Amino acid sequence: MAREPQVPPRPTCQLYLITPPSIDDLGAFAVRLDAALAAGEVAAVQIRLKPATDDRIREAVAALKPVCHRYGVPVLLNDRPDLAKATDCDGVHVGQEDTPVKDARRIMGEDAMVGATCHDSRHLAMEAAEAGADYVAFGAFFPTDTKETTHRPELDILTIWQETMETPCVAIGGIGIDTAAEVARAGADFIAVSGAVWNHPEGEAAAVKALVAELNAAF
């Protein structure tokens, strides 16, 4: 009797860490970031400061990029491919109202990472993938205080994307330790978190440990 073909297991969903929107003391935050990255595997760190001057963004990259690279973690800058290129970041994440993916790719080069916010739209995600995005981001899936959101997709958008497209997807928006596994099982390749780590009552290291454990156990 012919044996059934073996379907390889889906890779474990990974953690994608986003900075708080405001950082008063970059030196102190660099210590916190180091503790977070030492606590468990993080796939990428996005520096997202809003609002912030160009000089402040440059200062943030200078302070935080060496910490991330010490752990082999790539650094993406939010919104600004020009500054991401100028500060030698590993990539950029652009929103629907920012630089188009095609232009971000041209600015950053072929070797850089380019991600795109796609809210609750598979159509936008397909356009981003076709334009050269390395990943697409859906959300916000849950209420969040980190940023104002108007889109609230259902989790099945991750399932459908996972089943039909090859470009990885990131789930973002209000995801915490109690919901991370559910979102991962729905189809997310990466879980993007900010407040769940930086606002955790036991600290960022405890938060990362708990989140990584949930993601590793999700399947």
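Figure 1. The model is predicted: local features need pLDDT of at least 70, side-chain atom pairs count only at pLDDT 80 or more, and totals for chains, interfaces and linings use all residues. Residues are numbered from 1 along each chain as its sequence is written, and side-chain values use heavy atoms, with hydrogens and water left out. Helices (H or I, at least four residues) and strands (E, at least two) are DSSP runs, numbered from the N terminus.

Figure 2. In α6 (residues 156-164), the buried residues are I157, L158 and W161. They lie on the same side of α6 because their arc around the axis is only 100 degrees, taken from the directions from the helix axis to the C-beta atoms. The exposed residues E163 and T164 are on the face turned away from the buried side. Buried means under 20% relative accessible area, exposed over 50% and partly exposed in between (1.4 Å probe, protein chains only).

**Figure 3. L158 and its contacts.** Apart from neighbours within four places in sequence, L158 is in contact (heavy atoms within 4.5 Å) with F138, F141, C169, A171, V183, A186, G187 and A188.

**Figure 4. V73 in a loop.** V73 sits in the loop between α2 (54-70) and β3 (75-78). V73 counts as buried because its relative accessibility is 5%. Leaving out residues up to four places away in sequence, V73 touches L37, V42, A43, A44, V45, C68 and D90. The C-alpha atoms of V73 and A44 are separated by 5.4 Å, and the two residues are 29 residues apart along the chain.
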